[in-house]
Structure formats: C-alpha cells, structure tokens
Amino acid sequence: MPRVLSKPLQGSLNLLILKTLANEPMHGYAITNRIQQVSGDVLQVEEGSLYPALHRLEQDGLISSEWTLSETNRRVRFYKLTARGKRQLEAETEDWEKINAAIAKVLRFA
Amino acid sequence: MGLFRKIGNLIRGEELHQDAADELTFHLEARAKEYMRRGMSEREARLAAQRQLGNLTYTAEETASADVVAWLDACRRDLKLAAHVLRKAPVFGTMAALSLALGIGANTMVFTVLKHVVLDSLPVPHPERLVILHNPGPAEGHVSDDGMGSSFSYPLYSDLNHVAGKIFDGIGARYDTTVTLVKTDVISRAHCELVSGNYFNVLGVMPWRGRLLTPDDNRNPGGHPLAVLSYGFWQRNFGGDEHVIGQTVRINTFPYLIVGIAPPRFHGIKMHSSMDIFVPMMMKAQIMPTEDRLFDRLNHWANLVGRLKPGVTMAQAQAQLGVIYPPLRDQDLTVIKSPEPEFLKEFSKNKLELTPGGKGYSDLRNSLQEPLRFLSVMVGIVLLITVVNVANLLIARGAAREREMAVRLSVGAGRGALVRQLLIESLLLGAIGGMLGIALAYVATPALLHMLSSDLSSASINAHPDGFVLLMTALITISAGIAFGLLPALHSARTDMTTAMKAEGGTGHTGGRVWLRRFLVAGQIGFSLLLLTAAMLFTASLWNSSHVNTGLKTAQVVTFKVDPVDAGYSQARIHAFGEELRQKLAALPGVQSVGLANMAVLEGNDWGRNITVPGYTPRSRDEGVLMNAVSPQFFETLGIPIRQGRTFVDSDMATASTVVVVNTAFVKRYFRNNNPVGAHLQFGGGSGNKNPMLTIAGVVADSEHSGLRAKIQPFVYMPYVTMPDLGALTFYIRTRGDENGVMDTIRTAVRKADHALPIYDLKTMDQLIAENLFAERGMAILSVVFAGLAVLLAIVGLYGVVAYSVSRRRREFGIRMAVGADRTRVLGIVMKETALLGLASVACALPIVLATGRLVRSALYGVQPNDPYICSGAALLLFIAAMLAGLIPAASAARTDPHVALRAE
C-alpha cells in the first residue's frame, strides 16, 4: 500500500511540487500523476491538499499560473516556476539533502 | 500575499470561486477518464475520483482558504452555525440576548440623552467659532443675570461691536423674556427673544421663510415693530401657514409685522428652550414695559455672543479685548455717582472673558450634566455586569460543549478556527442584544428624558437615537461581544481532546472553570454593591429633600400667575385689579384664603437689596436682605406662622404705606433677637439715603423662598402696591377639600375678570415642589432601576455558579449522605460556600464603594456618601439576596438521593 502524504509532510509536498514544475509548466492533475509516476507509486499526493498547496505557493510568489484551453475546450490552469521559486527549490533541495544525509547517518550509526 | 492582491480578491470573490471550481472539475474529469481507461464504469470512475479528491466544495474553499473571501466565507459559515447553535439552546439564547438588550439599551438611552443635552452644538454653521462674552468683575447699577453670567449694558455692547471688527465677524446681543401674544382671538404667553440687528447674521442663520432681522431693523427706539417667528411656534400656532408673513400679531397690545420664520430647531443661543418669537432690541420698552433703560450704562442685562473671524483663536481674541475694552469700561465711570475708592480699585481691574459659545447656553444642560454623568457610569457598570453574566453563561455552556469542541479538534479543526467560531457566536448574540437594545432605547428614551426634566418642549429636543448614537451602540455591541466571548472562547479552545472525549457528561477539566466563574460572579456582586449603594444614597437624598422643613404648609394650596403689565395695564390699574381679583377669588366656593406676591415662592427667584437699620453696622458693602412684595393673607395662605406683631391688612394696601413685615432670621441679624416691632429700617445704603423710613409691623417665621434647600436669609416683606413697577402677579389660594376641583373655578373667575389676561402656571404647590425635585426623583428612580437590574444579574450569576457546583458534586454529596451526613449538613456545606463567596465579594467591593463615594457627594442632600447605615445596609441586603440565591441549589443538594447519585457513574 503506497504511503500517503499527510499534513505533517506539507513541507515536502511543497518541495515535490516545485521540483515537478522545474522542468515544465503543468496543471494540477498532471502534477499528481507525475509525482506518483516518478516515485514509483510510493508517493501518492493527497489530492485534497494539492490545490491549497498550489495556491499557497502562488500567493507566496514561488509559482505562477495561467489559464489555457484543453483539447476538449475546458479551461485548464497551468502552473510554472517563478525565478523566486527556482531559488527556493535550490535552497530547499539542499536542506532536504542535508537532513536526509543526517537522518541516514543516525539510522546507520546510532 | 500582497495587500493589493488581497483587496483584489475581496472584490473578485465570485470569479475566484469560479476559477477554483473550474480547476477542480477539470481534475475530476481527468481522473475519472483515467479510471475509465483502467476499466471502471463511468459512474464508478466519477465516484472514485471524487472520493480521491474529497468533498468538492470543501476542497474548493480550502483551496482559497488563504484568501480574504474565503475567510469571510468561513465567517458566514460560522454565522450560520452560530445561529443554528443558538436556536438549539433557546433558554440560554433568550437569557443572554435579553440581558444584553437591557445593558445595551440602557447605555443607548443614556447616551442618546447625553448626546442631545450635553454634546450637541447649536444648529448653526461653524458653531466652534462662536464665543460668549462675560464681564465677571464688580458692576454698579442693576444687573440681571439669568445664569449665563453674561450681562452687558446696551451702550457698552454697541461700542464693543463697533471696535471689535478686527477679531470678530460681529457680536450679537440678546435677552429673553415672556410676553402676552394676541393673534385674532387667541391670547397666549410666549417666549420672546430681544435681539440685536446683527444677531441672526452673527449666528449665520438663514430664514426658513420670508426674512430675518438685519441691523436696519434695529435703529430707532420703538421704531421697528417687526417679529420673526420660531419654526415650532409657527407650526403650533399658525399650522405652518406661509400667509402669516406680512400679517400682524399683537405683542403686549402693540401690533408687530411678521417678516419671516426662523429655521427648525433654531431657538437662539439658549439651547433646549423654546423661543417663540424674535423682536428687535430697540423694542425693549414695548416688550418689557416695566424695565426699559435701554441706553442706561448702569443697566447690565444683555447677553453677548460673538463670531470669531476665521483663523482667530480664543486666546488672540482675549488678548485683543484686553486692549480695546478698558477705554470702553472707563466710560461707565462717568455715570457712576460718588463711587467708593475700594470699588474703583476693583472696577479698574475688570476685564472681559470669553468662553466657547458653540453650544450656546442651556439650563437643561447645566442641570442634567452631573446626573447624566452619574447615569453614564451606572449604565456602564450595568453593561459590564451584563457582559460578565453572558460570559459566565458562555463558560457554563462551554463546559457542556467540551465534547463537541474535542470532536471538532480531533477531526482537524484548528484552534484558531474554533476561537473564531465561538467569537462569532458571541458577536451574533451581541448583535441580537444590540438590536433589541436599540429598539428599547427608541421606545424608552423619551420616558427617561421626561423622568429627568419637567419642562421639556418637544420642539427643542429630539429624544431618539441618531446616527452617531447608533454608531456608538454598534461599537459598544461589538466590543461587548468580543469582551464576553473571548475569555470563554479561549478557555474552550484549550479543551484537552482526550480527557474531554473520555469524560462522561463533562466532569473532567472543570476546576479552573469554576474558579473563573466564581471570580466573575464576585466581580458582579462587587459592582452591584456599588450601584446599590448609589441608589440607596440617591433615594435617601431624595427623601431628605422632600421632607425638608420649608416653613410653608403647601398642602391644598393652588398657585397661578397673570401679567397685567404685558396686557397694557397701568400701575394704578394693576393695584385695583389685584385687590379686586383677590376678593373675587376669596369669595369662590371651596376657597379658604387668597394671597398674592410679586416674587413667586420656590421657583428659583431671588430679589434683594441692601438696607439701613439704625444702630446696626453692616459687615460688608454687599450685605443685604431678600425681599418680596405681598398682599394681606399671603402668610396665612402659605401657612407661614406669625411670631410677633401683625401681618398686612387691607388698609396697608396703599402706595404710600410704610409698614413692613420681617422674618425671624432678620430679627436675629439686625436686632439680636430683640422684639423689633415698631422699629425702623430703610432700603438702600450710604450716607445720602433718601429712601423713606419704614416701620416693622410684625415678624413671621422663617420659610424657604427661592428653592427647597436654599439658605434661610433675612427677609423683608412689603405691601405689593408700594412697588413702583409691579410686573407679573403670583397668586396663592388655600382651598378646602380637593384643590384640583377648585382649579377650574379659578380659571373661569380670572377669565371673567379680564378675558384679555392669560392665566398661566396654574398648579398646586405640591406639584411645584415635585417639579423642584424632578431631576432628583428621576435620578433616584433610575438608579434604583439600574441597581435592581445589576443585583438581579449578579444574583442570577451566583445562582448559576452554585447550581453548577452542586451538580458536579452530586456524587460527593451522595457519598457523604451514604456515610451518615444528614440533609442539614449538606445544605450547610453549600450555604457555607455561598456565604464565603458572597462575603468575599462584598468585602472586596466595600473599600471601592467607600473610595468612590465622594464622587457623588455634590449630588447628595443631607446624607454623606460613606453613611455607615446605608453602606452596611446595602452590603447586608446584597448578602441576603446572595444567600437566597444559594438556597435553591443548596436545597437541591440536600435532596440528593445517595442511591441515585452513586449509581449515576
């Protein structure tokens, strides 16, 4: 059974979103799919928290959004990374790696 | 998020929602398509997609949760929930809303009166530039002061107005008096304001209809019989008919041309009075036939109001007046005959003073300012007690809702959201209470006002809350809502989920709450002790005032007035008329005796002179006596006993008569209590005194003259016909049996004597005394009402706390009784708790009561604010009430059935 990202992991959800958007602009649905796919179904985004997270990131100016029309003529909202978002992603990635390495050390040697 | 974006969101609320909905719908469809590709049916796929995303609307709103719109939306949701919660607890809701309505209503009422009576300015443009001029120094000659403290002679006024153009746009002069007004067949008494030509201009008043008076209407003495009517008078007496402009009206028998109507609410610079008619000052001789002296520099009477030029401050104006006034002042010296050096020294220091004139002058304001201040504090305390009461109710409910809160916390509600929801519940309660309170204020404010003042003309005061008052009430309501809601809300939000969920019926986590509630109740009891003491003090003061020994026997005495001078009578005709009417009235059935006087008794009027008594050296230049000019039977009718000699008889009623009657205080000062009958006195002082020598014919007992609690002064009574300038006559009639029945007979008799002579102020003396005590009675009644309300709320609060505590200790009582405690013992336990709480609150509040007592000292008569009987009486009364409130839950505790109580858990 894949893990579900729950609220305490909110910080990592932001990081995942930023990373996913780093390559190309995407809509919300595609983001969930991409995270699930890339993580090999281990990480399944709780969809109820995805959109609030996206909007919060947008309000913080880390991502921006624009509306386009889908093939089926529906309004679709695409999100892309802003310059600030890129910097944030780099910083958070670095933090994450440090913490991961630290936890790994503890798990191995403690 | 940027502020602009936030504001933008606020405006684009609907659009924002649509965006969020579109986005989620797209997501759902995409997800459903995917599931269908994997082989689900369309229906299954949709359901699965929805399950995956969660509640669609919830998510949509969560999505926008950082947005203002969403926050407001959450509030709206909370409001709906709050309304639902309140509907589900009707008893709590009703009690809380009603007590809030009383608290807020009382505040709105008092504030409405305060606003209209104390805070409002004159209804003129830029009232802040108006100033009232005063000349406080000693003055020679005749000074008439109606309380404004501003009395100027006309010559001084016109000089001032002439030279003060640098600092003032203009200075206006005015004086008010009553006149007899005849319009076709209708004769009435009217309030007339004599005004300078520039008066309306200085105040900046525009005509409502026709025109107002100008300087050209005030050039020659007696030459401008023109009148402007007040709006109210025009409406009442002429039905608002515009054709009256250009018609004539007779004032004191002279015809005047009506030139215009003043705007509504304008009554000159005397606020809260009802001025009826405005006439140029040059008509003074016609309007006030007994005292003209318009051009006499020693006749100080006119009140001056100036309009400062824009940009001129009061201090600058004051400084300028210091330069331009002295030469004008010294002109008065040319007409003062043989002034004493001491007087000259004082006189040369005279200077003018300015006070802000934007609020004009108001007797009502002067008399109600202090009572209203007390009332404001009292209703403020009542509101505080109300707020505490509701907070207490909310805490009690919070205990009952602990599980609800815990459940909501456990499903993920933030504590902030919980506090918000509880606060919105209290704000809703506050809003309901506030609206009820405003409704109450609309209905009851006129009653409040009429309780405080007997002479209100509906024309000059609006007793309803206006926009400003409503705004204040809204602020009070919101702050009250937050005040009583915040503490319980924070308390509830601290709910510990696990204990609360486990506990059956909320027995856990309540210790702190009980102490908080006890503390709040103690505060309520303390504050109500404050109000109760104040109410008892005001009541005692009223009792003392109404039982003061006036030296008069007022029961069954009727009084009325007529003003023959205004009806064109000569002095000789007044004497004849007075004697004739006196005899006619005395012959009426039901009448025992009739007296009349020049000065009305107990109506706030004084008339005094300095006198010379051979063999007595006055202690100061200003020492004098009070006087009245009266008829035979005056003393008998008012029940003033004769001490020595005789009072006046019919044969004394001759203009050349030289007998006088004095009172005991006079004998004490001037004759060291020796018999003065047959001794002499002379009006006036100084060496060259040409006044006739008068003989004391008798001595009467002391009695109150100007008011109920005035200081008893030496008094000289003279026959009224010896007065050279008699004005209005006040009659006193002692009746047999029902005095109210005789009033109609009296009215008819006066009309028969001269139908052109209006009778006014017809009332019983007891009514007159009641009017004297009107504000005090109102104050006493209102303070009792508010104190009663406060005590009731405090007692309800106490009852609630004790009852709650009993319900929590059921089990304990059950055990106690199971092991042998009897009912009395359990009763005792609860009563002891109640008594401790009551005693502690009273003990804490007493020092505060004693410390704040001196603030009301000036409003009390014959009782000290720290009166031991009253203070301890109030404390005892409150303690007894507290014990009674505790008795009900205590009895319930004593009825505890140990078997039931022990099985309950």
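Me: Over which residues of chain A does pLDDT stay under 50, and how many contacts beyond four places in sequence does the model have for them?

Reply: This is a predicted model, and pLDDT is the predictor's confidence in each residue. In chain A, pLDDT stays under 50 over residues 1-8, and the model has 13 contacts beyond four places in sequence for that stretch.

Me: Which elements of chain A have the lowest and the highest mean pLDDT?

Reply: Strand E1 (residues 3-4) of chain A has the lowest, at 44. The highest, 88, belongs to E2(A). For chain A the mean pLDDT is 80, with 89% of its residues reaching 70 or more.

Me: What does chain B average, and where does its pLDDT stay under 50?

Reply: Chain B averages a pLDDT of 85, and 91% of the residues score at least 70. The stretch under 50 is residues 503-509 of chain B, for which the model has 12 contacts beyond four places in sequence. There are also scores for the model: ipTM is 0.81 and pTM is 0.72.

Me: Now the sheet. What is the order of the open sheet of three strands in chain A?

Reply: Strands of a sheet pair through backbone hydrogen bonds, in either a parallel or an antiparallel way. Here the order is E2-E5-E4 (chain A), and the pairing is antiparallel.

Me: Why is one side of E2 and of E4 left without a neighbour in the sheet?

Reply: Strand E2 (26-27) and strand E4 (63-69) of chain A stand at the edges, and each has a single partner strand, so one side of each lacks a neighbour in the sheet. The pairing of E2(A) with strand E5 (residues 75-81) of chain A is antiparallel and runs over two bridges. As the bridge partner of Met26(A), E5(A) supplies Tyr79(A).

Me: How should I read helix packing? At what angle do H24 and H27 of chain B pack?

Reply: Take the angle and the distance between the axes together. Helix H24 (residues 774-808) of chain B packs against helix H27 (residues 868-894) of chain B at an angle of about 30°, and their axes are 9 Å apart. Angles under 35 degrees count as roughly parallel, so H24(B) is roughly parallel to H27(B). Their crossing is right-handed.

Me: Which residues meet there?

Reply: From H24(B), they include Val791(B), Ile795(B), Leu798(B) and Tyr799(B). From H27(B), they include Leu878(B), Ala881(B), Gly886(B) and Pro889(B). By class, the contact of H24(B) with H27(B) has 14 nonpolar, two polar and no charged residues.

Me: At what angle does H24(B) pack with H26(B)?

Reply: H24(B) and helix H26 (residues 823-852) of chain B pack at about 145°, with axes 11 Å apart. This crossing is right-handed. Leu798(B), Val802(B), Ser805(B) and Val806(B) of H24(B) make the contact with Val830(B), Glu833(B), Thr834(B) and Leu837(B) of H26(B). Five of the residues in this contact are nonpolar, two polar and one charged.

Me: How do the residues of the contact of H19(B) with H22(B) divide?

Reply: Begin with the geometry. The axes of helix H19 (residues 571-586) of chain B and helix H22 (residues 739-753) of chain B come within 10 Å and cross at roughly 145°, and the crossing is right-handed. Glu580(B), Leu581(B), Lys584(B) and Leu585(B) in H19(B) meet Ile746(B), Ala749(B), Val750(B) and Ala753(B) in H22(B). The division for H19(B) with H22(B) is six nonpolar, no polar and two charged.

Notes
Residues numbered from 1 in each chain as written. Chains lettered and ligands numbered in written order. Predicted model: local features only at pLDDT ≥ 70, side-chain atom pairs only at ≥ 80, totals over all residues. pLDDT = per-residue confidence, 0-100. Contact = placed C-beta atoms within 7 Å. Axes fitted to C-alpha atoms, helices over the stretch in contact; angles between N-to-C directions. Helix = DSSP H or I, 4+ residues; strand = E, 2+ residues; numbered from the N terminus. Parallel < 35°, antiparallel > 145°, perpendicular 65-115°, else oblique. Left-handed = near helix turned anticlockwise from the far one by under 90°. Nonpolar A, V, L, I, M, F, W, Y, C, P; charged D, E, K, R; others polar. Pairing = 2+ DSSP bridges.
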